[in-house]
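Please read the following account alongside the sequence and the coordinates.

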Amino acid sequence: MDVSFIKAPQIQQLLDRAAGMNESGGNPRLKAIMRDLTESVMELIVKHDISESEFWLAVKYLADGAGEFGLIVPGTGIEHFLDLYMDAKDAEDGLSGGTPRTIEGPLYVAGAPLVEGNVNLSTDPDEGGQMLHMNGTVKGPDGEPVGNAIVHVWHANSKGWYSHFDPTGEQTPFNNRRRIKLGPDGRYAFHSNQPSGYSVPPQGATDMLMQALGRHGNRPAHVHFFIEAPGYRTLTTQINFGDDPFAADDFAFGTREGLLPVPIRQGDTASIQFDFQLQRAHNAGEEGFSSRARAEAAPLPEAETV
Ligand code: MBD
Ligand code: FE
């Protein structure tokens, strides 16, 4: 059977009716997107001659795996694709330059302590024993220091687990998560227990998919950032350790040229010097965050809030 089967009047009429094209109510943009999405699924079924059994297996996979969509989206390359698409639209608008954006991932938690100075991110001890020291400057397009920035930083512990998402339940809320308030010079500095790479939960939906694709579910050790500052575009990015075995083989496609510093290692300490360069905001919306739904936790009562 050829995919032109989809173009038969009977099927085109079905698509129109299913997407509410003949109804006056509803959301026109959603109708147009739903019609194309449904047609794409039909095309896929015909192109690959997907059987009824296979189709319902896929529905069951999505239903059972819904809790891991935040991992499946980066694992399938779609979250990285969103970055490539935003980059391409920026280039069209003449908005290139600065530190590359890269995927947020599913593990940010709003409400981390707001702190100043040379900051310790780690509330909990970590038997890994290795320390990470990171510092640098947040700059603007002309190399000027960006004043009054807030650097949101979050990373895993030495077992690759993030606080608030740790199945062992061992971590204190906001361990390895802080918002760092910078001064007029744009300088930041923090230290923490060094993160290890991340692996998707064994036997979970993402792991099953990766195995079926002959892939793995590992990320190199990395540190996430949001950087916001008045007058500048909020940057979503991360650095991945250039000397990690998975630096060139990240299951989530979050590693990018310019975001792979190699830590300087001396004894139990890894040091990374890294400057960020922001783009100027062209409207107030660019100073904010996307409206992606994010986890949020109550601020710590003992937080050293500034
Ligand atoms: C992570 O820590 C991460 O950053 C991404 C993108 C996906 C899974 C786990
Ligand atoms: Fe991560």
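The paragraphs below take these topics in turn.

This is a predicted model, in which local features need pLDDT of at least 70 and side-chain atom pairs count only at pLDDT 80 or more, while totals for chains, interfaces and linings use all residues. Residues are numbered from 1 along each chain as its sequence is written, and chains are lettered from A and ligands numbered from 1 in the order in which they are written.

Helices (H or I, at least four residues) and strands (E, at least two) are DSSP runs, numbered from the N terminus. Two strands are said to pair if DSSP finds at least two bridges between them. An open sheet is formed by 5 strands in the order β2-β6-β5-β10-β11, with mixed pairing. Its edges are β2 (114–115) and β11 (235–240); each has a single partner strand, so one side of each is left without a neighbour in the sheet. Within this sheet, strand β5 (residues 150–155) runs antiparallel to strand β10 (residues 222–228), and 6 bridges join the two.

Strand β13 (residues 269–273) runs parallel to β4, with 5 bridges between them; here H133 lies opposite S271 of β13. β4 also pairs in the parallel sense with strand β14 (residues 276–277), over 2 bridges, and V138 has F276 in β14 as its bridge partner.

β13 is in turn paired with strand β12 (residues 264–266), in the antiparallel sense and over 3 bridges. R265 stands opposite A270 in β13. Together β12 and β13 form a hairpin with 2 residues between them, and G267 in the turn has a positive phi of about 60°.

Turning to the helices, α1 (residues 9–18) and α2 (residues 28–47) pack at an angle of about 140°, with their axes 9 Å apart. Axes are lines fitted to C-alpha atoms, for helices over the stretch in contact, and angles run from 0 to 180 degrees between N-to-C directions. In the contact, I11, L15 and A18 of α1 meet R35, T38, E39 and M42 of α2, contact being defined by C-beta atoms, placed from the backbone, within 7 Å.

Which residues surround ligand 1? They are L71, P74, I103, G105, P106, L107, Y198, R219, A252 and G254, a residue being near if its C-beta atom, placed from the backbone, lies within 6 Å.

How values were computed:
Contact = placed C-beta atoms within 7 Å.
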